[in-house]
Amino acid sequence: MGIASDILADWDAARAALEWLHELGGIDPIGDAPVNRYDLAERETPAPGRTPGRAPEARRAPAAPAPAPQVDPVAEAERAARTAPGLEALAEAMAAYPHCELKKGARNTVFCDGRPGARVMIVGEAPGRDEDLEGRPFVGRAGQLLDRMFAAIGLGRASPDAERGLYITNVMPWRPPSNRDPAPEEIAMMVPFLRRHVELADPEILVLMGNTPAQAVLRQRGITRLRGHWTESWGKPVLPMLHPAYLLRNPGAKRETWADLLALQARLRG
Ligand code: URA
């Protein structure tokens, strides 16, 4: 019992001395966990003009990183698109938009081709390999078919006059990896840009090529059911059509596309 109380008295004295020395900043108590001195070295470097010694704040645990501010990509796109006063500014705003992951894997931002001010504006899905390399929409095999389709009713992207011209863009300005379909959230964040694009180019008629633009403009999918049915959106008459890439895979569907082209021609002739 006597030995035990001596030990306790020594222990209390030792602890009091240790706490006192610690108060003075003289020594570190020995803790249960190892301390990485290299890690501490930087934080403990005294500020110029300050006496070396442990600053009380250097003893605290490192502050947790501030949470990243929440960004709404669609709201950001709306703000960027709304403030673009013209097509050039819109192309720049789109190229600077940082919230779409597809941009990281793309060589180019594909904005448009053809004649701004044309009566017909074509909206495709997304650039493929050729478009990504060249920076223009519809320049690969599907694009060549698209050119032949519209030439058959007297329209072309190279036409210098608005009457016979075409203006061409895509919902997505960046190529999706392995040409996969753009995800709904990727489409949603580009819709404000597309809507502003239509407003600035101001065509008489919008032609939607495939499911992605049908989803972006009409919020509907099922292009084989939608095609050929005139509707209205964003203040414009809209004609959904089968995508030329689909026609390359299903040549039998060209008959429906021919009917849609003739309907477009009739509408233009008014
Ligand atoms: N398919 C599209 O929808 N757009 C292009 O630019 C090329 C292929």
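First, a caution. This is a predicted model.

Let's start with the fold. The chain has 270 residues, and 39% of them count as buried. Its secondary structure comes to 12 helices and 6 strands. Now the contacts. Take those between residues at least 6 apart in sequence: 69% of them join residues at least 24 apart. As for the surface, the accessible area of the chain is about 15,900 Å². Carbon and sulfur atoms hold 53% of that area.

Now to the ligand. Where does the ligand sit? In the largest pocket.

Start with Glu 125. One of its polar backbone atoms is 2.7 Å from an oxygen atom of the ligand. Phe 138 also uses its backbone: an N or O atom there lies 2.8 Å from a ligand oxygen. With His 243 we turn to a side chain. An N or O atom in the His 243 side chain is 2.8 Å from an oxygen atom of the ligand.

How much of the ligand does the protein bury? Taken alone, the ligand exposes 230 Å². The protein buries 92% of that.

To recap: the ligand is in the largest pocket, with polar atoms of Glu 125, Phe 138 and His 243 facing ligand oxygens at the distances I gave.

Conventions: Residues are numbered from 1 along each chain as its sequence is written. This is a predicted model: local features need pLDDT of at least 70, side-chain atom pairs count only at pLDDT 80 or more; totals for chains, interfaces and linings use all residues. Side-chain values use heavy atoms; hydrogens and water are left out. Helices (H or I, at least four residues) and strands (E, at least two) are DSSP runs, numbered from the N terminus. Buried means under 20% relative accessible area, exposed over 50%, partly exposed in between (1.4 Å probe, protein chains only). Contact means heavy atoms within 4.5 Å. Accessible areas come from the Shrake-Rupley method with a 1.4 Å probe; for residues, only the protein chains shown count as cover. A polar contact is a pair of N or O atoms within 3.5 Å; within protein, one must be able to donate a hydrogen and the other to accept it, and residues adjacent in sequence count only if both atoms are side-chain atoms. On a 1 Å grid over the protein atoms alone, a cavity is a set of points where a 1.4 Å probe fits but cannot get out, and a pocket is an open set with protein on both sides within 12 Å along at least five of seven lines; lining residues have an atom within 4 Å of a point. A molecule sits in a cavity or pocket if more than half of its atoms lie within 2 Å of its grid points.
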